[in-house]
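User: Hi! Could you walk me through this model?
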Amino acid sequence: MKHKINKLVLGLIVGLTLSSTTNALPELNTNSAITLSNLIVGAMGDDDKATTFSVNVTLSTQNIAPLNNWQFGFHQAVSYVKLGNVNPKLDMSICSSSNNCTSLKYLTNPITDKDLSAGYTTILGPSTNYPLLPNTTYTIKLLHNNNWPVVNFSNAPQSFFIATANKFYNLPLAKSQYTFL
């Protein structure tokens, strides 16, 4: 277990370092087996533009073996945990293009009861057995976060990744693929 966590931490450091050492977000890696596109962030639906925002991002898989027990992570200077008045209406889910959906849950480390989503790195996982299948497009929805509105790249989600027990996928997203509402 320690070896798996070390790989995840190394992947996070590499992803965060790459995105923070340049003036722009990394260019999209079109050779990846898993890619992100079309991130939309801002007030949507019931969101109050002054206090609440939502995120929709498209995730596509190419010729991969089905991924079980995956985790989706990213960096953003806000919290995705529900706690008292913080994010009471937060709704997180992933849906395939055929509308097969499951909710996403905020992950913690069950061994030490420490928060796996340390600092502003959030790690989410499916609440049910929900493998990522080959050649499938998914929409990840993170709706009604009430931390504060996202107005520019500095507080938008970035440095995305998918992790499994033995694989780590860095998911760069080009600046041109962000839409701010």
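Analyst: Happy to; here is a short chat about a predicted model.

User: Great. How many disulfides does the structure hold?
Analyst: There is one disulfide in the structure. Cys-95 and Cys-101 form the bond, with their sulfur atoms 2.0 Å apart.

User: And what is its handedness, and why?
Analyst: The disulfide is right-handed, because the torsion about the S-S bond of Cys-95 and Cys-101 is about 115°.

User: Switching topic: which residues touch the most other members in the largest nonpolar core?
Analyst: Those are Phe-72, Tyr-80, Leu-142, Phe-160 and Ile-162, in a core of 34 residues.

User: Which strands supply at least two residues of this core?
Analyst: Strands S1 (34–42), S2 (53–61), S3 (71–75), S4 (91–96), S5 (101–106), S7 (137–145), S8 (158–163) and S9 (168–171) each do.

User: Nice. What does Ile-162 touch?
Analyst: Leaving aside residues up to four places away in sequence, Ile-162 touches a set of residues including Ile-34, Leu-59, Trp-70, Phe-72, Leu-132, Phe-168 and Leu-171. Gln-71 and Lys-167 are also among them.

User: One last thing: where is Ser-32 found?
Analyst: Ser-32 sits in the loop between helix H1 (2–20) and S1. Its relative accessible area is 14%, so Ser-32 is buried.

User: What does the side chain of Ser-32 reach?
Analyst: The backbone oxygen of Ile-34, at 2.7 Å. Ile-34 also turns up among the residues that Ile-162 touches.

Methods: Residues are numbered from 1 along each chain as its sequence is written. This is a predicted model: local features need pLDDT of at least 70, side-chain atom pairs count only at pLDDT 80 or more; totals for chains, interfaces and linings use all residues. Side-chain values use heavy atoms; hydrogens and water are left out. A disulfide is a pair of cysteine sulfur atoms within 2.5 Å. A nonpolar core is a set of buried Ala, Val, Leu, Ile, Met, Phe, Trp, Tyr and Cys residues joined through side-chain atoms within 4.5 Å. Buried means under 20% relative accessible area, exposed over 50%, partly exposed in between (1.4 Å probe, protein chains only). Helices (H or I, at least four residues) and strands (E, at least two) are DSSP runs, numbered from the N terminus. Contact means heavy atoms within 4.5 Å. A polar contact is a pair of N or O atoms within 3.5 Å; within protein, one must be able to donate a hydrogen and the other to accept it, and residues adjacent in sequence count only if both atoms are side-chain atoms.
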